[in-house]
Amino acid sequence: MNSWFTVSPLNYIGGKARILDQLLPVFPEHISTFVDMFCGGCNVGINTQADNYIYNDGNRELIGLLKMFLRLNINTILKRMDEIVEHYGFSKTKDHNFAYYGGNPMKGVSRYNKEPFLQLRQDYNNSPRNNQHYIMLYALVVFGFNNQMRFNDRGEYNLPVGKRDFNDVIRRKLQVFVDKLKAQHPVIQNNDFRRFDIYQLDGDSLVYLDPPYLISTATYNEGGGWTERDEQDLLDFMDRLNEQGIHFVLSNMLEHKGRKNHLLINWIEQRNMQVVGINMDYSNSNYQVEGKNSGTVEVLVKNY
Ligand SMILES: C[S@@+](CC[C@H](N)C(=O)[O-])C[C@H]1O[C@@H](n2cnc3c(N)ncnc32)[C@H](O)[C@@H]1O
């Protein structure tokens, strides 16, 4: 990834940070309203130039967290994070080295932070949805496994402790992201995509769609996965956008590990949609595993 992109403090499985250099040039030059329909970590919207921004996601807790980023001053967020670190007794590798906490740069500080993390997780899962609840969620992301977010059927955060803590790199990442998000004055909303009101958009709007992929699995929510019904509803939704003359770009996979997304492939062929291939040479990143990407066809589908 190019270093001039803003990095999301939320590490999303399927996050689009790694393909921004291929995705952004596909977008129209002028965008009136940019809709990041399945926004996740907001990697795309935060790096897109537009007059107005709408971030939407079906995950209520994620949207609550993003709204908290907008509501609270960055210094307040940092202060409350530091209070959580003190209160629960998390490590502070910005002040001491890993060895001080019985860890090392490879294994990090997971052992030291395990108990504080479990306590924080329990408190978060039992707390009312206010600013502090969402600060706690962000702290779970910081101290949790791979800086990710995952919830069970009851909406409880359920990942284990991770290797890192609230170090200077993460603080800086948060600060830059929150500043930029605030400057965009976005509308942030928690809707199922089917309920999104497309009549608020005009001919210069762009709807970017990055749904869970039908043929590969990622757990944003352990319970309800993405089904063929969801996929069909999404195709119908894009038909409606098309009829209204609203531009969209869809991220997806046509093939993955020998499976094909026939619903999508047929839909594209019947409508003559434009398909842009994504080059998945991850040789410059940590993702490279020999043969891992063989048989995977990742694409962008657009109607302009
Ligand atoms: C692949 S992730 C998006 C990643 C994002 N583009 C990024 O770069 O960080 C897919 C997102 O779709 C959301 N989602 C799943 N089903 C949804 C639905 N029916 N309506 C709206 N959002 C949904 C999930 O909560 C998840 O955040």
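Predicted model: local features only at pLDDT ≥ 70, side-chain atom pairs only at ≥ 80, totals over all residues.
Student: Why are α2 and α5 called roughly perpendicular to each other?

Tutor: Helix α2 (residues 60–71) packs on α5 at about 110 degrees. Roughly perpendicular covers 65 to 115 degrees. The angle falls in that range, so α2 and α5 are roughly perpendicular. Their axes are 9 Å apart.

Student: Which residues meet where α2 packs on α5?

Tutor: From α2 come E61, G64, L65, M68 and R71. From α5 come N131, Y134, I135, L137 and Y138. By class, that contact has six nonpolar, two polar and two charged residues.

Student: Which residues make the contact of α3 with α5?

Tutor: I77, R80, M81 and I84 of α3 take part, with I135, M136 and A139 of α5. The classes are six nonpolar, no polar and one charged.

Student: What makes α3 roughly antiparallel to α6?

Tutor: Helix α6 covers residues 168–183, and α3 packs against α6 at about 150 degrees. The term applies to angles over 145. The value passes that cut-off, so α3 is roughly antiparallel to α6. The axes lie 10 Å apart. In this pair, α3 passes α6 in a right-handed crossing.

Student: Which residues of α3 and α6 meet?

Tutor: I74, I77 and L78 in α3 meet R171, Q175, V178 and D179 in α6. That contact has four nonpolar, one polar and two charged residues.

Student: How do you know which residues surround the ligand?

Tutor: A residue counts if its C-beta atom, placed from the backbone, lies within 6 Å. There are 18 such residues around the ligand. The closest are G14, F38, G40, G41 and G58. By class, the shell has seven nonpolar, seven polar and four charged residues.

Student: How is the chain divided into domains?

Tutor: The domain assignment gives domain 1 as 16–58 + 191–302, and domain 2 as 92–181. Taken over C-alpha atoms, the centres of domain 1 and domain 2 are separated by 29 Å.

Conventions. Residues numbered from 1 in each chain as written. Nonpolar A, V, L, I, M, F, W, Y, C, P; charged D, E, K, R; others polar. Contact = placed C-beta atoms within 7 Å. Helix = DSSP H or I, 4+ residues; strand = E, 2+ residues; numbered from the N terminus. Domains from an automatic or database assignment. Axes fitted to C-alpha atoms, helices over the stretch in contact; angles between N-to-C directions. Parallel < 35°, antiparallel > 145°, perpendicular 65-115°, else oblique. Left-handed = near helix turned anticlockwise from the far one by under 90°.
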